[in-house]
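Trainee: I would like to learn how to read a structure like this one, feature by feature. Could we take it slowly, with the general idea before each case?

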Amino acid sequence: MQNDSKQLWANCLTVIRDIVPQAAFDAWFKPIIPLSYEDGKLTIQVPSQFFYEYLEEKYVNVLKMTLSRVFGENVTLKYRVMVSARDRKNLGDTVDYPGEEARQLPVHTPNKVDVAKTPGHFRVATQDIDSQLNPRYNFDNFYEGESNRLVRAVSEKVAAEPGKTAFNPLFIYGASGVGKTHICHAIGVQIKKLYPQKRVLYISSNLFRLQYTDAVRKNLTNDLINFYQSLDTLILDDIHEMIGLTKSQATFFEIFNHLHQLGKQIVLTCDRAPVDLQGMEERLISRLKWGMTAQIGRPELELRKKILRKKIDLEGLEIPNEVFEFIAENVKDNVRDLEGVLVSLMATSVHTNREIDIPLARQVISQMISLERKQITIKQIQETVCRYFNLDETLINTRSRKREIVMARQITMYFAKKYTDSSLAHIGKVVGGKDHATVLYSNNLVNEQMEINKKYRATVEAIESCLKQ
């Protein structure tokens, strides 16, 4: 069976090589070793727990599609994590084996899953699960200011007594890049620190939707619901991605009710307040309002300075004070931009052998956030997309289902959402007379196709380059 697994996995690698960039293929797929294929279960060996978690976070859709194509629809993927003797005690492995060399032994511990999953679908194998939490996002490095003080205070209370405060569910909303995902992980990390036995899961709404779709296709919906209802804390990021997905919402509604009735903690993030979630079922919206709704605002100047100073100190950098002030005053929207400008500034200084000064900072900032300041209109996006596909602009606004026209319409909606401040409803109205749910669906579809289809990704990136000119 091992020879079969090697050949079948080689076939998988052939497919994957055409999907992902070469650098990603070399880093994340070449090191995988196929161990066996029996009874519809493919077992692969990965170098570390981090390696497994990264595959699941970044490439679960690629694995799901490839395994279904090569092995068939009902294949289950099982991971074995390679461990060394020096790590044996920490991992809880009770097998006695000599030497310091890494050995091909499965990790069995009371606090970890011997990971077995149908791609995109969890199956509980032991008492605990992989919480999908990033320990780098914690309360210690979540910097506090006026814009996030309330959220931080409430989050700390929730983490100290999950399910026992009035803040259940905790609904956190705010613009992209202001720290919603960071605070979510911080809550989960703190809960696991204080209550190691609790079953905590962080998951994005997009991945939840993919799991639900996969479960329906394989007639495993009850298994999916049972898994989620077994949690002590559920942290669901970007719930707005469920807008328009009535069946996914209905399933989440069932999970929500069960967890809430049992006093389990629910934490949700969104890019808007519950009242603005048009396209979400009213019964679900009403439950989102049951607990605490708190907003994270855009970072004020003092918070931006605090974050920037901490980043500079952590990296051991030296930046002139006037440049520090210039960055803090001009990069206003979110924390990600602050971090990105700092990294780009240092890299540009090194590669061009230039001193860090105001002109260099102005150059770097204008390159990174010029798109947000440049007034790109939906009409300009539509013109650029149609020019790329050599289409008459009027065709996008017809009911045509021709593949190229549908693709152009979806990509136009994707860029309109990304580069304009227009509401989903307005974008849909302007682009083909569609509703907001169609716009959100198109945005999710474009993101998914870019992840698994190299040619599609190249097309979108080429159009984006035209937009930036």
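**Reading the model step by step**

Mentor: Let us begin with Ile191, whose place is in helix α7 (residues 180–194); helices (H or I, at least four residues) and strands (E, at least two) are DSSP runs, numbered from the N terminus. Before going further, note that this is a predicted model, in which local features need pLDDT of at least 70 and side-chain atom pairs count only at pLDDT 80 or more, while totals for chains, interfaces and linings use all residues. Residues are numbered from 1 along each chain as its sequence is written, and side-chain values use heavy atoms, with hydrogens and water left out.

Trainee: Does Ile191 count as buried or exposed?

Mentor: The general idea is a set of cut-offs: buried means under 20% relative accessible area, exposed over 50%, and partly exposed in between, with a 1.4 Å probe and protein chains only. Ile191 counts as buried because its relative accessibility is 0%.

Trainee: With which residues is Ile191 in contact, leaving aside its neighbours within four places in sequence?

Mentor: Contact means heavy atoms within 4.5 Å. By that rule, and with those neighbours set aside, Ile191 touches Ala159, Pro162, Pro196, Lys198, Val200 and Thr233. Pro162 is 29 residues away along the chain, yet the C-alpha atoms of Ile191 and Pro162 are separated by 7.3 Å.

Trainee: What is the order of the strands in the open sheet?

Mentor: Strands of a sheet pair through backbone hydrogen bonds, either parallel or antiparallel, and two strands are taken to pair if DSSP finds at least two bridges between them. Here five strands form an open sheet in the order β7-β8-β9-β6-β10, with parallel pairing. Its edge strands, each pairing on one side only, are β7 (200–204) and β10 (292–295), and the twist from one strand to the next averages 15 degrees.

Trainee: How many bridges join β7 and β8, and which residue is the bridge partner of Ser204?

Mentor: Five bridges pair β7 with β8 in the parallel sense, and Ser204 has Asp237 in β8 as its bridge partner. Although β7 is an edge strand, four of its five residues are buried. Towards β10, strand β6 (residues 170–173) runs parallel and is joined by four bridges, with Tyr173 standing opposite Gln295.

Trainee: Which strands does α7 lie across?

Mentor: Axes are lines fitted to C-alpha atoms, for helices over the stretch in contact, and angles run from 0 to 180 degrees between N-to-C directions. Helix α7 lies across β6, β7, β8 (233–237) and β9 (265–270), and runs at about 165 degrees to β7.

Trainee: Where do α8 and α9 meet, and at what angle do their axes cross?

Mentor: The axes of α8 (residues 205–217) and α9 (residues 221–229) come within 7 Å and cross at roughly 140 degrees. On the α8 side the contact is made by Phe208, Gln211, Tyr212, Ala215 and Val216, which meet Thr221, Leu224 and Tyr228 in α9. To class them, Ala, Val, Leu, Ile, Met, Phe, Trp, Tyr, Cys and Pro count as nonpolar, Asp, Glu, Lys and Arg as charged, and the others, Gly among them, as polar; this contact of α8 with α9 then has six nonpolar, two polar and no charged residues.

Trainee: Which residues have a positive phi, and where is the cis peptide bond?

Mentor: Most residues other than glycine have a negative phi, and most peptide bonds are trans. Asn219 has a phi near 60 degrees; this residue is in the loop between α8 and α9, and it counts as exposed because its relative accessibility is 70%. Asp238, in the loop between β8 and α10, has a positive phi of about 60 degrees and is partly exposed, with a relative accessible area of 22%. The cis peptide bond joins Asn168 and Pro169, with omega about 5 degrees.

Trainee: What is the mean pLDDT of the chain, and where is pLDDT below 50?

Mentor: pLDDT is the predictor's confidence in each residue, from 0 to 100. The chain has a mean of 80, and 87% of its residues reach 70 or more, but over residues 83–127 the value is below 50. Where pLDDT is low, the predicted coordinates should not be read in detail.
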